[in-house]
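Okay, thanks everyone, let's get going.

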Amino acid sequence: MKALRRLWSRLTGALVGHRRAADLRDEMQSHIEMQTEDNLRTGMSPAEARRQAHLKFGNVELAKEEYRDRRGLPAMETFARDIRYAVRGLRRSPEFTLVAILTLALGIGANTAIYSFLDVLLMRSLPVDAPEQLVLVGVSSQQGQTTTRHSYPLYENLRTDAGFADLFAEYSWFTGMTFGERTDRVKVNFVTGSYFKVLGVDASVGRTFTLEDDQTNGDHFVAVLEHGFWQRRFGGSHDIVGRTIRLADQPFTVIGVAARGFSGTNIGMGDAVWVPLSTIPKVRAGYDDYQSAGMSWLQMIARLSPDVPAEDARAAADVVYRRALQQRFGESKSLTPERRQRLLATEVLLEPGGRGRSELRFRYEKPLRILMVGVGLLLLIACANVANLLLAKAVVRQREIAIRLAVGASRLKLVRQLLTESMLLSLLGGACGALLAWPSTYALSMVLRSDPAAGESILIQPDARVLAFTALVSVLAAIAFGLLPALRSTHQDLSLALKGVSRSGAGGFSRWHLRDGLVVGQITLTLPLLLGAVLIVQTLRNLYETDLGFARENVLQASVNPMSVGYSRDETTSFFRRLIQRVRAEPGIVFATIANAGGLLGDEYIRVFSVEGHQPAPGEGVFPRVSSIGSDYFKTLGVPLVRGRGFEESDYGEGAPKVAVVNEAMARQYFETAQVVGRKLGYGKKPNIDIVGVVRGSKYSSIREEPRPIVYLPYPAMSFGGMTIYLRTTGNPAEWARALQREVREIDSRLPVFNLKTMTANIDDSLRLERFLAGLTSGFSLLALLLTAVGIYGVTHYSVRQRTHEMGIRRAIGAQDSDILTLVLRGGLTVTAIGVSIGVAAAACYVPARRATQVDPMTALRHE
Amino acid sequence: MVLKTLDMMGPQHGYGIARRIEQTSGDLLAINHGTLYPVLLKLEQEGAIASKWGVSDNNRKAKFYRLTKTGRRQLASERRQWEQTTEIIAAFFAASGEQP
């Protein structure tokens with residue numbers, strides 16, 4: 001208690017220190033005067049009285065100092081003094097301060113921005129109970145990868161028989177959500193009743209699901225809303241509980257809103273609405289039989305019991321999985337023995353699930369790590385620059401420092417003071433950097449939002465953890481750029497410094513080398529950044545110039561899914577028929593068609609085919625990609641026809657003869673000839689679909705892919721509701737966007753139109769990752785280049801100033817302007833050349849070294 | 001000693017306290033008056049005494065210290081401790097006197 005009181009009073013004492021100092025002075029003054037008066041009374045002379053009083057009192061300064069030490073917190077006061085001193089120092093040279101802070105802000109800001117991305121995508125745990133206990137349930141697939149899609153019966157078996165604390169399964173799908181007049185396309189997650197319980201997520205309004213909500217088929221049409229979606233779409237109104245929303249035209253009663261901040265287990269692609277899994281047959285066509293063992297579609301996350309080791313849980317789950325496999329395939333006659341063997345050899349795998357799963361993570365992990373290294377280099381370059389500036393400043397302050405050392409300041413104290421100054425600079429830079437991070441992460445989230453794997457709602461923002469990271473980086477940076485100059489500038493020959501000799505003589509020589517070294521380091525670091533950026537930009541350019549196999553100009557696309565507002569299959573077919581008819585009547589539309597995949601939108605439909613006269617090798621099969629297309633597809637997209645014909649109106653409709661068009665890759669791979677018109681393919685043992693035409697290869701789901709076999713079928717074969725409309729226009733296709741939306745609205749105003757953009761915009765979007773990387777790395781390397789240029793300028797400028805004396809003498813003995821110019825240029829260029837050669841050498845060593853790490857040990861051994 | 005002085009004499013300024021200590025000890029304890037002030041500060045920080053500017057007997061501005069309730073309690077407990085200590089020491093001396 002006493003100690004606490006003392007601390008408090010010390011703290012306040014430290015704050016009002018100057019007032020107390022005056023107080024004490026007055027008090028001591030009056031003490032001495034009283035003593036003097038008493039002494040006078042005893043008959044001393046005034047001078048003697050005063051002297052005796054002082055003697056009696058003792059050393060005034062000592063008393064004051066003791067008093068001061070007791071009054072405040074000496075360490076804190078020294079620190080405050082250092083800071084005051086640092087502030088004064090920084091204010092004395094505002095240009096230096098501004099340049100240093102800006103440099104650091106850029107370096108630190110870039111690090112903060114990239115780190116916030118890394119944090120959200122790669123490091124942050126789900127906002128759920130004990131996320132470390134969650135595991136993703138997977139099965140090793142026959143190709144040696146892990147599949148995470150499972151059947152409903154497996155979920156039930158695992159839930160009751162395996163050693164997990166609990167388990168849930170989920171399946172998400174985009175569909176239309178209608179509330180009031182408006183329909184939005186939202187991500188609906190069909191979850192088992194255990195979902196919220198396993199995750200330990202509560203409702204912020206109303207309630208979440210119970211097991212009963214998912215028990216009886218088709219009885220519980222209830223929905224839980226995601227907090228952010230509820231805010232955006234329903235204005236955060238509490239009245240929503242008990243109201244009805246329609247999903248694919250099926251009414252659901254809202255029972256609650258999930259806890260704020262929780263948006264499902266898929267990072268970057270948040271859920272908007274959760275509904276019980278048992279409602280799926282009423283929402284999605286083709287899911288009546290969702291409990292069949294033949295459909296592998298559910299993703300599962302389990303919670304491990306704290307007292308069961310993960311390996312035991314895995315083994316228990318594996319037993320359950322094997323039993324199910326054995327039941328299903330053990331006696332199966334439809335499988336070849338090898339295939340059955342391979343199926344039975346698969347096993348359950350568990351992966352940590354505390355961070356959820358993410359498509360974005362998979363795609364952006366490597367680029368983000370590369371970028372993190374890049375921004376790290378950038379920060380180092382920035383630090384080198386500031387260190388250089390500090391060294392230059394130290395020269396100006398050399399005399400001041402020398403004097404302070406001479407009058408007895410300890411070196412430690414001076415270093416501490418100089419470091420405080422660096423720390424202050426760095427923290428100011430960090431603060432500005434953190435401010436920069438807000439707009440830059442916002443811009444980066446906008447880039448991400450155009451990614452189909454990211455939700456509309458994704459917003460990456462620096463949070464407390466990221467800011468802590470920024471602060472840490474700032475402190476490290478301060479040490480990186482501040483320590484060396486501080487040690488350097490306090491280590492000097494006093495007698496020389498005081499005489500001002502080192503300004504032009506030997507004393508500055510070693511420092512000159514240090515500064516050169518820093519610039520060489522900067523150039524060395526800049527080079528790999530530049531080279532990397534050039535490579536990435538080159539890759540991007542190559543991708544843009546790739547032959548797509550179709551014409552990218554004058555094409556507009558838009559996707560519509562009538563089933564998302566409850567259309568049946570037949571209604572959907574006639575909807576598209578009507579839409580295409582109407583659109584074709586619009587002026588300026590040359591061709592119009594529809595397709596379910598193949599337009600680089602990332603969707604893929606793959607099907608097993610049988611090919612007449614082709615016997616697949618054991619373990620292989622015919623798995624071409626399929627595109628269900630309307631008439632005029634090849635004309636609209638400009639896909640060149642090589643042989644035969646495209647689809648005609650007579651190929652569509654009930655009872656039309658079954659026909660297909662294939663691409664050259666398909667013909668070559670499975671027919672070993674391009675002459676395939678008239679040959680047959682099909683789904684079963686007897687191929688019954690006539691091939692009527694062959695088209696040149698074209699890209700299907702992405703620009704990066706190699707040409708792969710494609711089978712085109714006339715719509716509505718192999719279509720599942722959602723289709724993309726393609727228009728070939730006479731002018732700028734963007735101008736028909738409104739017309740297209742209007743046509744859809746006039747048929748059914750509830751239907752959301754998505755992916756509405758020109759083909760060129762679509763290509764831009766599909767290259768977003770490369771563009772994102774190219775933009776950032778070129779930006780960062782230009783910044784690095786700029787900083788390095790400033791560094792070279794600084795060093796040259798400084799060396800010229802240092803050698804003014806020498807230059808004067810050179811001129812006096814007859815050197816020409818050009819001689820001096822050469823002299824200075826040679827200095828700067830030498831430094832640059834050294835840096836460049838080290839950088840190039842490093843890159844030259846890195847590439848083979850990198851290759852060496854990728855050598856397969858078997859190949860290496862075979863070389864022996 | 002400071003507390004006892006203030007207890008006996010009521011509010012007093014630093015010089016007064018110093019004089020009083022010297023007088024009480026019969027000038028046996030001749031301290032540097034300057035060392036008194038850090039002690040006063042410590043006591044004030046602990047809440048045993050409080051200070052206020054006032055005017056001395058001969059019309060001089062001076063800071064007066066007075067004992068607070070906490071101070072009185074502290075004085076009482078310290079007196080007890082001291083008495084205990086002296087009793088123990090006295091007992092030792094008494095015991096050692098009988099021994100030889």
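**A walk through the two chains**

Let me start with a helix on the outside. Helix α25 of chain A, residues 804-812, has 9 residues, and the number of them that are buried is 0, so α25(A) lies largely in the open. Just after α25(A) you come to G814(A), which takes a positive phi of about 105°. And before I go on, please keep in mind that what you see here is a predicted model.

In terms of elements, chain A has 27 helices and 22 strands. If you take the contacts in chain A with a separation of 6 or more, 81% of them are between residues 24 or more positions apart.

Now for the opposite of that open helix. Have a look at strand β4 of chain A, residues 182-191: 8 of its 10 residues are buried, so β4(A) is largely enclosed by the rest of the structure. Who are its partners? One is strand β3 of chain A, residues 164-179, which pairs with β4(A) in the antiparallel sense over 10 bridges. To find your way along that pair, look for Y171(A), which stands opposite F190(A) in β4(A). β3(A) and β4(A) form a hairpin with 2 residues between the strands, and in that hairpin G180(A) takes a positive phi near 65°.

β4(A) also pairs with strand β9 of chain A, residues 273-276; there the two run parallel, joined by 4 bridges. The landmark here is V191(A), which sits opposite P276(A) in β9(A).

Further along in chain A there's another covered strand. How many residues of β12(A) are buried? In strand β12 of chain A, residues 555-560, the count is 5 of 6, so to speak a mostly covered strand. β12(A) pairs with strand β21 of chain A, residues 723-729, in the antiparallel sense, over 6 bridges. If you zoom in there, R728(A) in β21(A) is the bridge partner of V555(A). β12(A) is also joined by 4 bridges to strand β22 of chain A, residues 753-758, and that pair runs antiparallel. On that side you'll find S559(A) opposite F754(A) in β22(A).

Okay, a bit of helix packing. Helix α6 of chain A, residues 94-123, packs against helix α15 of chain A, residues 411-449, at an angle of about 45°, and their axes are 6 Å apart. That angle makes α6(A) oblique to α15(A). As for the hand, the crossing of α6(A) and α15(A) is right-handed. What's in the contact between α6(A) and α15(A)? You get 14 nonpolar residues, 9 polar ones and no charged ones.

Let's move over to chain B. Chain B has 100 residues, with 24% of them buried. It has 4 helices and 3 strands, and from the N terminus on the elements of chain B run α-β-α-α-β-β-α. Of the contacts in chain B with a separation of 6 or more, 41% are between residues 24 or more positions apart.

The 3 strands of chain B form an open sheet in the order β1-β3-β2, with antiparallel pairing. β1 (12-13) and β2 (49-55) of chain B are the edge strands, each pairing on one side only. β1(B) and strand β3 of chain B, residues 61-67, pair in the antiparallel sense over 2 bridges, and Q12(B) stands opposite Y65(B) in β3(B). Packed on that sheet is helix α1 of chain B, residues 2-9, which touches β1, β2 and β3 of chain B; its direction makes about 95° with that of β3(B).

Last stop, where the two chains meet. Here 25 residues of chain A are in contact with 19 residues of chain B. On the side of chain A that touches chain B, α1 (2-15), α2 (17-41), α3 (46-57) and α4 (60-71) of chain A each supply at least two residues. Which element gives the largest share of that side? That's α2(A), with 9 residues. By type, the residues of that side of chain A divide into 8 nonpolar, 6 polar and 11 charged.

That's my tour, so over to you for questions.

Key: Residues are numbered from 1 along each chain as its sequence is written. Chains are lettered from A and ligands numbered from 1 in the order in which they are written. This is a predicted model: local features need pLDDT of at least 70, side-chain atom pairs count only at pLDDT 80 or more; totals for chains, interfaces and linings use all residues. Two residues are in contact if their C-beta atoms, placed from the backbone, lie within 7 Å. Ala, Val, Leu, Ile, Met, Phe, Trp, Tyr, Cys and Pro count as nonpolar, Asp, Glu, Lys and Arg as charged, and the others, Gly among them, as polar. A residue is buried if 20 or more other C-beta atoms lie within 10 Å of its own, exposed if 12 or fewer, and partly exposed in between; C-beta atoms are placed from the backbone. Two strands pair if DSSP finds at least two bridges between them. Axes are lines fitted to C-alpha atoms, for helices over the stretch in contact, and angles run from 0 to 180 degrees between N-to-C directions. Angles under 35 degrees count as roughly parallel, over 145 as roughly antiparallel, 65 to 115 as roughly perpendicular and the rest as oblique. A crossing is left-handed if the near helix is turned anticlockwise from the far one by less than a right angle, and right-handed if clockwise.
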